[in-house]
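Student: Could we go through this structure together, starting with the ligand and then turning to a helix pair?
Tutor: Gladly, let's take a look.

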Amino acid sequence: MKRAKRIDQVPEYLFVQISRKIAEKRARGIEVISFGIGDPDLPTPQPILDELRAASEDAVTHRYPESEGLPEFREAVAGWYAGRFGVDLDPEKEVLSLIGAKEGIGHAPLGALDPGDTALIPDPGYPVYSVGTLFAGAEGYRLPLTEGNRWLPDLDAIPEDVARRASLLWINYPNNPTGATAELDFFENAADFALKHDAAVMHDACYTEVAFDGYCPPSFLEASGAKDVGIEFHSLSKTYNMTGWRLGMAVGNADMIEALRVVKSNLDSGVPQAVQRMGISALKLSADVIAERNAVYQGRIDRVVEALKSIGLSVERPRASLYVWARVPEGYTSAEFSERLLDERDVLVSSGSGYGEHGEGYVRLSITVSDEDVDRAVDRISSWKVPDPAGARQ
Ligand SMILES: *Cc1c(COP(=O)(O)O)cnc(C)c1O
């Protein structure tokens, strides 16, 4: 039977390999502590769950939702954006509900790119930007993120012919996997770049509410001219520990939102209404809920960063995101180092190379692991004498 070429071009989803490794260890009775997947371990706040229960009793929610989302959800999103970022959105034309940000990110290229078009994609980066581009038949051109440029793409270094043919620029701050953050001046450069080259910007903003030490990440839409050229993806997954409920939103440029709506209205029938009602109650929660949760993450980050430094890794404490991004010792590749750590200490971290070739030399640790497991993992890591890399290769 024939299978589409695009399927064979998709790299195996990163966590498929990771899950397999953990399962093998578990089968041998070994308990692995996994810093692999960025999936909040803390529960969805109770008022949001209460709303689900109440909404499920209302028969209206048993029926098809509308693709674009409940008007009340879109209004709640606009209200939240105004309060949090000072950004005004028209809930009718500039807000769209998503079945999680991933769904929107994966489908958006179908509304933005024709076969043969070029999209600029950060490397290392969340894999869905390039896979969505591939599904649309378009080409990805990789923009290196490096420690030297503080994990921000150097837009001036893009070759002129590439910049000229680019139709889309993907960006993501606070960043997965590097934990890097961007300020408004970078977003303004991105908007200027798009305007100059008649390209669109898609910003993945799903970590703006996971930040530490009082840091308050900006929205791309705060940049002047941003709404003329771009949209932003947001998610309730990381913000409110809601990965299991699948709810996100795309906001910004009305034409781009409309293109995504047309794609989606032919593929899905929207987010279950009861889940959208959970979202409405979430977006109205006090910011204290988020601050308390972030304090828990911050404590974990401090401990993990210390442990990694103590065994010789070079690591900067992130100001935001769920991730500690650490440079592996000289002589190791990311994959060799993470394999060795898993084999000898039963601690799983992701290889930076899984996020793109410029992630080579780094590993990513997601701090969505319980406090007790963080303590146990920190003990396992701190007491590890990292073997000589040449020996590790045998
Ligand atoms: C988790 C994550 C998403 C997807 O979030 P969902 O709303 O759960 O689909 C999108 N982008 C990045 C960078 C992420 O890490």
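Student: Which residues come nearest to the ligand?
Tutor: Keep in mind that this is a predicted model. The shell holds 15 residues around the ligand. Those that come nearest are Asp204, Tyr207, Ser235, Ser237 and Lys238.

Student: How much of the ligand's accessible area does the protein cover?
Tutor: On its own, the ligand has 390 Å² of accessible area.

Student: Which helix gives the most residues to the shell around the ligand?
Tutor: Two elements give two or more residues each, helix 10 (236–239) and helix 5 (101–112). With 3 residues, the one that gives the most is helix 5.

Student: At what angle do helix 3 and helix 12 pack?
Tutor: Two packed helices are described by an axis angle and an axis distance. Helix 3 (residues 46–56) and helix 12 (residues 273–283) have axes 8 Å apart. Their packing angle is about 145 degrees.

Student: How do the residues of that contact between helix 3 and helix 12 divide?
Tutor: Helix 3 brings residues including Leu49, Glu51 and Leu52, and these face a helix 12 set with Arg277 and Met278 among them. The contact divides into 8 nonpolar, 1 polar and 2 charged residues.

How values were computed:
Residues numbered from 1 in each chain as written. Predicted model: local features only at pLDDT ≥ 70, side-chain atom pairs only at ≥ 80, totals over all residues. Heavy atoms only, no water. Axes fitted to C-alpha atoms, helices over the stretch in contact; angles between N-to-C directions. Helix = DSSP H or I, 4+ residues; strand = E, 2+ residues; numbered from the N terminus. Contact = heavy atoms within 4.5 Å. Nonpolar A, V, L, I, M, F, W, Y, C, P; charged D, E, K, R; others polar. Near = heavy atom within 4 Å. Areas by Shrake-Rupley, 256 points an atom, 1.4 Å probe, with all protein chains shown as cover.
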